[in-house]
Amino acid sequence: MLLVDRKDRRYLVRLVAGGTFHTHTGIVDHDQLIGSPEGCTVETRAGAQSVTSRGHYLALRPTLADVVLKMPRGAQVIYPKDLGAILLAADIFPGAWVLEAGVGSGALSMTLLRAGAQVVAYEIRPDFALTAQRNVTEMLGPDMPFDVQERDIYEGISETGLDRVVLDLPEPWQVVPHAERALAPGGILLAYLPTINQTAELREALVRSRFGMEETSELLRRTWHVEGRSVRPDHRMVAHTGFLTTARLLD
């Protein structure tokens, strides 16, 4: 469940019969929430330490974006604003066979799987691979088509006939020759990179390859404050997080 307090602070809690969630304003009993409708409000009770006032929490099932931002992580996750853009830029469809490299904490994996893709994931670090598998299982269950392999994609790709190759790693230009052999004609390569220097090097590698229709973009997300006559952009925004580069394998 997602618990939201009056200051819009958010807490991700897995409910267990008889469990409790301790806060600075008291204790929330899990049994209060189990079986309750979404959107209900629960009141804390006093614990061993006295509290000056009871707390109230709004309870909802978390969205995928909530889980991505609050789940345990071993590596920096891709922000929800970029995850949505990746689904469209890579044209992920139900049943698509996708190779993902640089799994990290599994945020991108969960997004691809929720869209109906079958995901083969290469991750060089065993701890990241384990974290990603746990997060995917917690969010989507144990039966998802998610095959995590502890492998270095810079050394090659075993699969052939892939629909998509999605990369979140420092040197994707090293993968371009492998992706040429692994993708089906018309398949899409997508790379997510934090800096424009890395992006430029990737674009140079794509020019020398069988890939075409290259495109690079970034997404800036700005929320607005709307309260009565006070209507203005929020003072803070999630601006640059990464560059998305796509290309298609041509014959």
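Author: The lining of the second largest pocket has 14 nonpolar, three polar and four charged residues. (Nonpolar covers Ala, Val, Leu, Ile, Met, Phe, Trp, Tyr, Cys and Pro; charged covers Asp, Glu, Lys and Arg; the others, Gly among them, are polar.) The model is predicted, so local features need pLDDT of at least 70 and side-chain atom pairs pLDDT 80 or more, while totals for chains, interfaces and linings use all residues. Residues are numbered from 1 along each chain as its sequence is written, and side-chain values use heavy atoms, without hydrogens or water.

In total, 21 residues line this second pocket. Ala101, Gly102, Asp168, Leu169 and Pro170 lie nearest its centre. Its space is about 440 Å³. (A pocket is an open set of points on a 1 Å grid where a 1.4 Å probe fits, with protein on both sides within 12 Å along at least five of seven lines; lining residues have an atom within 4 Å of a point.)

Now take the largest pocket. Its volume is about 610 Å³. The lining counts 22 residues, and Met1, Leu12, Val13, Arg14 and Pro62 are the closest to the centre. Two elements give two or more residues to this lining: α2 (64–70) and α5 (126–140). The most comes from α5, with five residues. (Helices are DSSP runs of H or I, at least four residues, numbered from the N terminus.) By class, the lining of the largest pocket holds twelve nonpolar, four polar and six charged residues.

Follow α5 to a helix partner. The axes of α4 and α5 are 9 Å apart, and the packing angle is about 40 degrees. α4 and α5 are therefore oblique to each other.

From α3 come Leu83, Ile86 and Leu87; from α4 come Ala107, Leu108, Thr111 and Leu112. Six of the residues in this contact are nonpolar, one is polar and none is charged.

Methods. Contact = heavy atoms within 4.5 Å. Points joined across faces, edges and corners; volume = space filled by probe spheres on them. Axes fitted to C-alpha atoms, helices over the stretch in contact; angles between N-to-C directions. Parallel < 35°, antiparallel > 145°, perpendicular 65-115°, else oblique.
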